[in-house]
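Please examine the sequence and the model displayed below before reading on. The explanation that follows is meant to be read alongside them.

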Amino acid sequence: MAKPIVLIAEELSPATVEALGPDFDVRSVDGTDRPALLSALADASAILIRSATKVDEEAIAAAPHLKVIARAGVGLDNVDIKSATTAGVMVVNAPTSNIISAAELTVGHIISLSRHIPAAHASLAAGTWKRSKYTGVELYEKTVGIIGLGRIGALITARLQAFGMNVVAFDPYVTSARAQQLGVTLLTLDELLAQSDFITIHMPKTAETTGMISTEQFALMKPTAFIVNVARGGLIDEDALYAALKSQRIAGAGLDVFVNEPPLDSPLLSLENIVLTPHLGASTDEAQEKAGVSVARSVRLALGGELVPDAVNVAGGVIDPSVRPGIALMEKLGQVFSGLAESPVTSIDVEVRGEIAEFDVSVLKLAALKGVFSNIVTESVSYVNAPLLAEQRGVEVRLITESESEEYRNLLTIRGALSDGSQISVSGTLTGTKQIEKIVEINGYDVEVPFAQHLIVMVYTDRPGIVAVYGKEFGEASINIAGMQIARREAGGQALSVLTVDSPAPEGLLEKVRLAIDADLLREIDITE
């Protein structure tokens, strides 16, 4: 019997091939040679890639036997995940392979900025000796502010505490108990910016976090402060950063990531008080080897029909066909849940009611956590690390199953308690022969809204003319409302409105709408596939 063909499209470590083992026919191809790649894919069961090989809809269509695409790294920009999912092809990556490397690079940037190491080297290499020009500052007893206290943030905390630094952090999804465990003081973002001597940002890139450090934030910082970003390009407004550095509003910056890469035309390249590296966060021998070995193991699991923890689109393994459609729905419910949370989550109940509760639905608990954390941590979230992320944040998680469901054949719910004492819930179901994913409950309000990429959820006091008010605001901002549903418990009481819109709301619009209708809650939630 012929062995499954595993295609290696880029240079990977020998340990990667060793981790695959003897059960596969391992072949190599140049992933950047498009005709050769498409030809080789015709018989492949799996393909291992890094960042140079583009596995798009055309490539997936050329691979009728393909079961898994494995990216030896974190980013998946070169993989068409939607087309892979449609074709039933699993996509896996190595979400934890580079966290130590990224943390160490962050510390390297901080030390380089504090002691002017790159500039001093360049000066000496140019034949000058300018000791006094490059007088630096010690890290000892300085305050470092970490924006985003996930796994990388925790690693940086431990390393900088060893330098005798005081660590403060801003992370709306981390509990005070977790921060205390790490020896970190939680602050608001404005407090962190004002108090920190060094600032490093480790947030996911979303509509809310893009440009989160801009002119207003630089105005709050000390003129002696330094800021570092090795997480995602665009978290820091590059135009505002240039102005802040040029005017010496802040002392310096270190960047490993950029809005456009490579940033060859960026004015940042002309400044002396900045340290720039070409996206080296995962560029260590150890990170590359970890990534290769990790995805090789995932390929073995996938081709063996077992559960694949690091799958980013489907869980794989022995999951009943009746349960499988609920995976994507539960992930999206998780994204809505985290979008509604206004303070750290302390506990989560994942509830599964109806016919599918008779099967093993443990994967739905993993999918819920994957969705909850996907837009609130900087690292990639998978089925294996989602429970760990919950544990690290002190979040208690329960799976509750019940075979009876009164209104729907199957009902999936995520219910949680927040640190401010409030509770939130969101429920969904699959309807009709096409199994359309719908939200059917939010915080006790009954709705029936199909999922869309952009959702806006509002809670306000029900009164005449309110829809016209916010409809006018969205219309004047050229935001098309594709769908809308309003739910209330009683006339004149609180009402919840869910809008599906065709494009994200521009900056400032939601605050304008909130003031116009005196909303108690107004959140924009972006749903990612």
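The paragraphs below treat aromatic contacts, salt bridges and surface charge in turn.

The model is a predicted one. It holds two aromatic pairs. In one of them, the ring centres of Phe 198 and Phe 226 are 5.2 Å apart and the ring planes meet at 15 degrees; planes under 30 degrees apart count as stacked, so this pair is stacked. Phe 198 belongs to strand β9 (residues 198-201) and Phe 226 to strand β10 (residues 226-229), so the contact ties together parts that lie 28 residues apart in sequence. Both Phe 198 and Phe 226 are buried.

Another phenylalanine, Phe 218, is found in helix α10 (residues 215-220). Its relative accessibility is 2%, and because buried means under 20%, Phe 218 counts as buried. Between the C-alpha atoms of Phe 218 and Leu 499 there are 34 Å, with 281 residues separating the two along the chain.

Charged side chains form 17 salt bridges in the structure. One of these joins Glu 331 to Lys 370, with an N to O distance of 3.3 Å. This pair links distant parts of the chain, as Glu 331 sits in helix α13 (residues 325-340) and Lys 370 in helix α14 (residues 362-373), 39 residues apart. Glu 331 and Lys 370 are both buried.

The N to O distance here is 2.7 Å. Asp 349 is buried, at a relative accessible area of 15%, whereas Arg 398 is partly exposed at 48%.

Glu 351, also in strand β13, is linked to Arg 415 in strand β15 (residues 410-418), 64 residues apart. The closest N and O atoms of this salt bridge are 2.9 Å apart. Glu 351 has 5% relative accessibility and so counts as buried, while Arg 415, at 32%, is partly exposed.

Which residues gather in a patch of negative charge on the surface? They are Glu 402, Glu 404, Glu 406, Glu 407 and Asp 446. Asp 446 is located in strand β18 (residues 445-450). Its relative accessible area is 56%, and since exposed means over 50%, Asp 446 is classed as exposed.

Notes:
Residues numbered from 1 in each chain as written. Predicted model: local features only at pLDDT ≥ 70, side-chain atom pairs only at ≥ 80, totals over all residues. Heavy atoms only, no water. Patch = residues over 30% accessible without salt bridge, like charges linked within 9 Å, V, L, I, M, F, W, Y side chains within 5 Å. Areas by Shrake-Rupley, 256 points an atom, 1.4 Å probe, with all protein chains shown as cover. Salt bridge = Lys/Arg side-chain N within 4 Å of Asp/Glu carboxyl O. Lys, Arg positive; Asp, Glu negative; His and termini not counted. Charge placed at Lys NZ, Arg CZ, Asp CG, Glu CD. Helix = DSSP H or I, 4+ residues; strand = E, 2+ residues; numbered from the N terminus. Buried < 20%, exposed > 50% of the residue type's maximum accessible area, 1.4 Å probe, protein only. Phe/Tyr/Trp six-rings, centres within 6.5 Å; stacked < 30°, edge-to-face > 60°.
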